[in-house]
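I opened the model to look up the surroundings of the ligand, the domain arrangement and the backbone geometry. My entries follow in that order.

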Amino acid sequence: MKVTVIGTGYVGLVTGVCLAHSGHDVTCVDVDRAKIATLSAGTSTIYEPGLEELLAEGIASGRLRFATPDVGWKDLISDITFVAVGTPMASNGAADLTAVRTVVSALAEAADRPFTLVMKSTVPPGTGGTLASRFLASSEANIGYVSNPEFLREGHAIDDWYHTDRIVLGAENTAALDIMRELYASIDAPVVATDVASAETIKYASNAFLSTKISFINEIANLCDYVGADIDAVANGVGLDTRIGSQFLKAGIGYGGSCFPKDTRALDFIATMNGYQFTLLKSVIEVNNRQRLQPVVRLARAFPDLHERTIAILGLSFKPNTDDVRESPALDIIPLLAEEGARILVYDPRAAEADIPGALRVDSVWTALAGASAAIVVTEWREFIDLDWVHAKEVMTDPAIVFDGRNCLDANAVRASGMSYMAVGRDGAHREA
Ligand SMILES: NC(=O)c1ccc[n+]([C@@H]2O[C@H](COP(=O)([O-])OP(=O)(O)OC[C@H]3O[C@@H](n4cnc5c(N)ncnc54)[C@H](O)[C@@H]3O)[C@@H](O)[C@H]2O)c1
């Protein structure tokens, strides 16, 4: 089928590349000319395992091409046109729908024949209805609207695309649903066909629930630090209950990324605007904001004077196997340590360039650790899990502390090196005090 994908970020690029791999004829569109030039040359603009290979394959097959809107929207519209532009967090916590409105309005104005507009961007419940009445109803073309939220995880995006747990399709008419079922025919997953507002809500409810699980286990981990329990044993024992499940029960310094922080805030905002106080969600957000400060609080206690101490930040991306640094806990931790006068060296094997005032980015873990009084593991990259902690102790300054913000290290191996080990709910922090 002929498909256009508008927005070639983490979601749009994966969507376009994977649809082309499934045999569809895909045009990916972005306003960012540099991005389009790079992608057209076969180079991926993001780090996502397996993506670059599929990108090269798509271009070589002639089924995948890239364009900017300069070509003219009329010529870019396909029978199925996805919108996958960003919906970042506005300063009041709402989802900023500027890019979505710009694109939908341009498509509605340019269209001269029927097509199906598929919303892949995460947009708050009610948005589809508003877009339809504000832009699509007045269009001369008959435009079908489908809400098709995306659930892929960065770092596993390709696999998630082909092996998704479900495909959610929200539409007000069955014709649009039938077209989408045909598009996704090669993917073996249950289809949840519903109305637009319900599809939009499924996306936010899913992210809010996963965020809740993370904040919940982090609260239990914090309690473990007071009562002397071990969060790993607790999470294992809790997660084996099939009603609960073991995923998202990993304690640490909290969630980050381009989705959970903004989607929880946007859901809280939309609840408030509709006159509902979503108390549980507010707590989830508050717990997460507090959780990421743990390394700073603990190190400040361990080193009453952080001034001119070197601190190594291991990991800048919000999770491993992605270069995405959006809402990474590191971006909150670094300025606080810098304010205390610490000298901060940051190492990440893949993270995109980010503006990190007060810190110096270095290109090896050993450079980051040299002379450091403390290392904070912010991202559970394999490289840090497998690190030689005996050698780390040799290059760091005594008495050195390792703060394991992801509870991912072998605590005994770190302790055996002679360094202090701190974690979240693993080291009885508040019993020691
Ligand atoms: N990143 C994820 O893991 C993920 C997962 C599920 C859902 N989502 C949702 O998908 C949407 C996209 O997220 P992302 O992470 O891919 O964003 P992104 O910021 O990586 O990419 C958005 C792209 O849209 C382009 N763009 C902006 N305005 C445009 C316009 N007017 N015309 C054409 N292109 C335009 C930008 O240049 C950019 O390349 C968001 O709503 C997000 O919440 C993201």
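A polar side-chain atom of Lys35 is 2.6 Å from an oxygen atom of the ligand. For Lys262, I likewise noted a polar side-chain atom 2.6 Å from a ligand oxygen atom. At Val31 a polar backbone atom lies 3.5 Å from a nitrogen atom of the ligand. The protein covers 87% of the 830 Å² of accessible area (Shrake-Rupley method, 1.4 Å probe; for residues, only the protein chains shown count as cover) that the ligand has on its own.

**Basis.** The model is predicted, with local features needing pLDDT of at least 70 and side-chain atom pairs pLDDT 80 or more, while totals for chains, interfaces and linings use all residues. Residues are numbered from 1 along each chain as its sequence is written, and side-chain values use heavy atoms, with hydrogens and water left out.

**Shell.** I found 26 residues around the ligand (a heavy atom within 4 Å), of which Asp30, Lys35, Thr87, Glu154 and Lys262 come nearest. The shell divides into ten nonpolar (Ala, Val, Leu, Ile, Met, Phe, Trp, Tyr, Cys, Pro), eight charged (Asp, Glu, Lys, Arg) and eight polar residues (the others, Gly among them).

**Domains.** An automatic or database assignment gives domain 1 (2-194) and domain 2 (196-433). The contact (heavy atoms within 4.5 Å) takes 36 residues from domain 1 and 27 residues from domain 2. Each domain gives at least three residues to the ligand shell. Their centres, taken over C-alpha atoms, are 32 Å apart. I recorded about 2600 Å² buried between them (accessible area, 1.4 Å probe, lost on putting the two parts together, summed over both), 59% of it on carbon and sulfur atoms. In domain 1, Tyr47, Pro125 and Glu154 lose the most area to domain 2, together 26% of what that side buries.

**Backbone.** Most residues other than glycine have a negative phi, and most peptide bonds are trans. I noted a cis peptide bond between Asp398 and Pro399, with omega about -10°. Pro399 lies in the loop between helix H17 (389-395) and strand E13 (401-404). Phe248 has a positive phi, near 65°, and sits in the loop between helix H10 (231-239) and helix H11 (260-273).

Note on methods. A polar contact is a pair of N or O atoms within 3.5 Å; within protein, one must be able to donate a hydrogen and the other to accept it, and residues adjacent in sequence count only if both atoms are side-chain atoms. Helices (H or I, at least four residues) and strands (E, at least two) are DSSP runs, numbered from the N terminus.
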